Amino acid sequence: MVCFCFLVDQRRMTLKIRPVAAMCSRCGCAASVADIKTETRFCYVPFCWRSWRVVICTFCGSILRSYAR
Ligand SMILES: [Zn+2]
């Protein structure tokens, strides 16, 4: 169903971010702990939320570790 794909979209929001004593395994830059919330919307109406905590590299953006909440 092609039109269904256009009606559903997903937004990712970073709620909180703070530095952590960890290094990125890919580029060696400082990593941060971030609370991330994903919102799935259908016809611009949010119907599904998911939030979790990740350790993310502030430089290259790669996710080093994720924690389910
Ligand atoms: Zn990195």
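In the hairpin that joins strand 3 and strand 4, 5 residues lie between the strands, and Gly61 takes a positive phi near 80°. The structure is a predicted model, in which local features need pLDDT of at least 70 and side-chain atom pairs count only at pLDDT 80 or more, whereas totals for chains, interfaces and linings use all residues. Residues are numbered from 1 along each chain as its sequence is written, and side-chain values use heavy atoms, with hydrogens and water left out.

The chain holds 1 helix and 4 strands, and along the sequence these elements follow the pattern α-β-β-β-β. Helices (H or I, at least four residues) and strands (E, at least two) are DSSP runs, numbered from the N terminus. Strand 3 and strand 4 (residues 63-68) pair in the antiparallel sense over 5 bridges, where pairing requires that DSSP finds at least two bridges between two strands; within this pair, Arg53 has Tyr67 of strand 4 as its bridge partner. Strand 2 and strand 3 are likewise antiparallel, with 12 bridges between them, and here Lys37 has Ser51 of strand 3 as its bridge partner. These two strands form a hairpin with 2 residues between them, and Cys43 in the turn has a positive phi of about 55°. Cys43 is partly exposed, at a relative accessible area of 36%, on a scale where buried means under 20% relative accessible area, exposed over 50%, and partly exposed in between (1.4 Å probe, protein chains only).

Cys24 belongs to the loop between strand 1 (8-23) and strand 2 (30-42), while Cys57 belongs to strand 3 (residues 45-57), so the pair ties together parts that are 33 residues apart in sequence. Cys24 is buried at 5% relative accessible area and Cys57 is buried at 3%, whereas Cys27 is partly exposed at 34%. A search of the whole structure finds 0 disulfides, a disulfide being a pair of cysteine sulfur atoms within 2.5 Å.

Arg41, placed in strand 2, is buried at 14% relative accessibility; residues up to four places away in sequence aside, Arg41 touches Leu7, Val8, Asp9, Arg11, Pro46 and Phe47, with contact taken as heavy atoms within 4.5 Å. Thr14 is placed in strand 1 and, leaving aside neighbours within four places in sequence, is in contact with Ala34, Asp35 and Ile36. Thr14 and Thr38 are 24 residues apart in sequence, with their C-alpha atoms 8.8 Å apart in space.

For the chain as a whole, residues 24 or more positions apart account for 40% of the contacts with a separation of 6 or more. Buried residues make up 25% of the 69 residues. The accessible surface comes to about 5200 Å², of which 60% belongs to carbon and sulfur atoms, with areas taken from the Shrake-Rupley method with a 1.4 Å probe and, for residues, only the protein chains shown counted as cover.
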